[in-house]
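The sequence and the structure are shown first.

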Amino acid sequence: MDIHTHKKSSAENVFSIENKYPTSVDFSLPFSMGMHPWFINKNKIEEELLIVEKQLQHKSCLALGECGLDKVTEADFELQEEVFRKQVRLSEKYNKPVIIHCVKAFQEIIEIKKEIKPRQKWILHGFNKNIQVAKSLLKNGILVSFGAAIIKNEKLQKVVLEIPLDALFLETDDSEVEIQEIYQKVANIKSIEVKELQKIIKENFTNLSSSSITEIKRCFY
Ligand SMILES: [Zn+2]
């Protein structure tokens, strides 16, 4: 299972959630859909929120996102927060977990979560920070997803070693690395079989949201 990718794997045994934007036209399935903070256009917010809301009702839309907060991008931060909160409301309304993009705004994400107290699970994708950041996310019920950085980044390998298996996901995002390679690496770090890791992550996913289970079952069994 590849929780977040921008290109579908050609391998038959890979279940991937392909990231879509409101401007996407090709909807290969299954997918996640959200407004990325990099592409927030002040004049199109309401229009794009309507598209997100419509697509969230698609049975093969398994998550809202990626969406989130980014302190390095040009979009106004307050506006980013507003758009993120609105999307969180939609995720609650349509019972979809949230895939979060976060750059230098971990505390803000945690504060919003504390304030809103969502029922849906939040997954912070592309995690590549230290163990302190990981622990504060986990403490606040935010799950983490690791991507291609895990292959070579030794500090991150130490972080993943400390993350409980039931709190993590794996992804390719926009990298060229195959998801199989990421599973192999994490299985090595955790000293378990790849098959065992696959089973755990599949369970993590089915535990996310009841609305996703039907689609998962259809694809897995
Ligand atoms: Zn991405």
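## Terms and basis

A residue is called buried under 20% relative accessible area, exposed over 50%, and partly exposed in between (1.4 Å probe, protein chains only). By this scale Ser191, at 64% relative accessibility, is exposed.

The model is predicted: local features need pLDDT of at least 70 and side-chain atom pairs count only at pLDDT 80 or more, whereas totals for chains, interfaces and linings use all residues. Residues are numbered from 1 along each chain as its sequence is written, and side-chain values use heavy atoms, with hydrogens and water left out.

## Sheet

Helices (H or I, at least four residues) and strands (E, at least two) are DSSP runs numbered from the N terminus; two strands pair if DSSP finds at least two bridges between them. Eight strands form an open sheet with parallel pairing, in the order β1-β2-β3-β4-β5-β6-β7-β8. Its edge strands, β1 (2-5) and β8 (168-170), each pair on one side only. From one strand to the next, the twist averages 30°. Axes are lines fitted to C-alpha atoms, for helices over the stretch in contact, and angles run from 0 to 180 degrees between N-to-C directions. Contact means heavy atoms within 4.5 Å. Helix α1 (residues 45-56) packs on the sheet, where it touches β3 (31-33) and β4 (61-70), and its direction makes about 150° with that of β4.

Six bridges link β4 and β5 in the parallel sense, with Cys67 having Ile100 in β5 as its bridge partner. Five of the six residues of β5 (residues 98-103) are buried. Between β6 (residues 122-124) and β7 (residues 142-146) there are three bridges, also in the parallel sense; Trp122 stands opposite Ile142 in β7.

## Nonpolar core

A nonpolar core is a set of buried Ala, Val, Leu, Ile, Met, Phe, Trp, Tyr and Cys residues joined through side-chain atoms within 4.5 Å. The largest one has 67 residues, and Phe127, Phe146 and Leu170 have the most contacts inside it. Beyond its neighbours within four places in sequence, Leu170 is in contact with residues including Met1, Ile3, Phe146, Ile182 and Ile201.

## Pocket and cavity

On a 1 Å grid over the protein atoms alone, a cavity is a set of points where a 1.4 Å probe fits but cannot get out, and a pocket is an open set with protein on both sides within 12 Å along at least five of seven lines; lining residues have an atom within 4 Å of a point. Grid points are joined across faces, edges and corners, and a volume is the space filled by probe spheres set on the points.

The largest pocket holds about 440 Å³ of space. Among its 23 lining residues, His101, His125, Gly126, Glu171 and Asp173 are the closest to its centre. Strand β5 gives the most to this lining, with three residues. One cavity of 30 Å³ or more is found in the whole structure; the largest cavity has a volume of about 50 Å³. Its lining includes Thr5, Thr172 and Glu178. Thr5, in strand β1, counts as buried because its relative accessibility is 1%.

## Backbone features

Gly65 and Glu66 are joined by a cis peptide bond, with omega about 5°, and Glu66 lies in strand β4. Asp173, which is not a glycine, has a positive phi of about 50°; this residue lies in the loop between β8 and α7 (179-190) and is buried at 17% relative accessible area. Ser191 also has a positive phi, near 55°, and is found in the loop between α7 and α8 (194-206).
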